[in-house]
Amino acid sequence: MTGPLTTDRLSLRPIRAGDWPELCGLDGDLDVMATLGGLRSEKETVGYAMAQEDHWRRHGFGWWMAHDLETGAFVGRGGIRYLEIDGVMEVEVGYAVVRERWGRGFATEIARAGVELAYDGVGLTRVVGITLVTNGASRRVLDKLDFAYERDLTHAGLPHVLYAWEARAP
Ligand SMILES: CC(C)(COP(=O)(O)OP(=O)(O)OC[C@H]1O[C@@H](n2cnc3c(N)ncnc32)[C@H](O)[C@@H]1OP(=O)(O)O)[C@@H](O)C(=O)NCCC(=O)NCCS
């Protein structure tokens with residue numbers, strides 16, 4: 001299993017089931033969850049945290065809790081995980097950041113670490129990102145990391161776009 005790591009401003013470590021109280025802050029913020037299927041109840045966040053821990057146990061990678069390296073404050077979550085899209089199993093990069101820290105590059109920092117983990121740590125040569133068509137900030141994060149738009153799709157009953165990052169031949 002890939003362990004904890006640090007980026008310029010963040011410490012990243014695998015989500016554990018016991019992280020649910022900290023995650024409830026994100027899951028209960030409508031600004032954050034409006035683009036992620038809506039608010040989650042406490043029970044749903046508990047289930048989410050358990051599922052993330054299980055993903056790490058089964059696959060050796062997954063989503064991290066991200067904390068400010070200097071202060072230890074919770075900044076967000078993200079990383080890579082398996083996701084079935086239109087019947088195809090893909091590895092998806094995902095990210096969510098606490099509202100007060102938006103616009104400071106933290107999602108990009110988390111997602112970049114996810115792509116690096118996928119390529120250098122797991123040996124994957126393709127990672128996808130899916131987001132609501134209207135989620136301009138999320139699309140911009142994918143653009144900044146050289147993901148290319150592939151297609152429109154319907155996910156969870158809503159119009160999404162799929163972007164993909166593929167390792168180039170050396
Ligand atoms: C999407 C989200 C993760 C972005 O987090 P962030 O830390 O603010 O992202 P970054 O600062 O790394 O990058 C955001 C970029 O989008 C740009 N941006 C912000 N709002 C935008 C909009 N409406 N349209 C286009 N670009 C936008 C920012 O200017 C920035 O680009 P820049 O660095 O070139 O200036 C954050 O808004 C969030 O947590 N949203 C709710 C959860 C979510 O939607 N997650 C993604 C699901 S796929």
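These legends describe close-up views of one predicted model.

Residues are numbered from 1 along each chain as its sequence is written, and side-chain values use heavy atoms, leaving out hydrogens and water. Local features need pLDDT of at least 70 and side-chain atom pairs count only at pLDDT 80 or more, while totals for chains, interfaces and linings use all residues.

**View A. Helix α1 packs against helix α3.** Helix α1 spans residues 20–27 and helix α3 residues 42–59. Helices (H or I, at least four residues) and strands (E, at least two) are DSSP runs, numbered from the N terminus. The two axes lie 9 Å apart, at an angle of about 120°. That makes α1 oblique to α3. Angles under 35 degrees count as roughly parallel, over 145 as roughly antiparallel, 65 to 115 as roughly perpendicular and the rest as oblique. Axes are lines fitted to C-alpha atoms, for helices over the stretch in contact, and angles run from 0 to 180 degrees between N-to-C directions.

**View B. The residues where α1 meets α3.** From α1 come W20, L23, C24 and D27. From α3 come E42, T45, V46, Y48 and A49. Contact means heavy atoms within 4.5 Å. The contact residues divide into six nonpolar, one polar and two charged. Here Ala, Val, Leu, Ile, Met, Phe, Trp, Tyr, Cys and Pro count as nonpolar, Asp, Glu, Lys and Arg as charged, and the others, Gly among them, as polar.

**View C. The largest nonpolar core has 29 residues.** A nonpolar core is a set of buried Ala, Val, Leu, Ile, Met, Phe, Trp, Tyr and Cys residues joined through side-chain atoms within 4.5 Å. Buried means under 20% relative accessible area, exposed over 50%, partly exposed in between (1.4 Å probe, protein chains only). L10, L12, I80, V93, Y95, V127 and F147 touch the most other members. Elements that each supply at least two residues include β2 (10–14), β4 (74–85), β5 (88–97) and α5 (136–144). Helix α4 gives the most, with eight residues. Apart from this core lies another, of 12 residues, among them V32, M33, Y48 and V98.

View D. T7 sits in the loop between β1 (5–6) and β2. T7 is buried, at 18% relative accessible area.

**View E. R99 in the loop between β5 and α4.** R99 is partly exposed, at 37% relative accessibility. Not counting residues up to four places away in sequence, R99 touches D29, D31 and V32.

**View F. V122 in helix α4.** V122 is partly exposed, at 33% relative accessibility. With residues up to four places away in sequence not counted, V122 touches F61, I80 and L117. V122 and G60 are 62 residues apart along the chain, and their C-alpha atoms are separated by 8.4 Å.

**View G. Positive phi at D86 and at D146.** Most residues other than glycine have a negative phi. D86 has a positive phi of about 50°. D86 is in the loop between β4 and β5 and is exposed, at 55% relative accessibility. Phi of D146 is near 65°. D146 is in the loop between α5 and β7 (148–155) and is exposed, with a relative accessible area of 54%.
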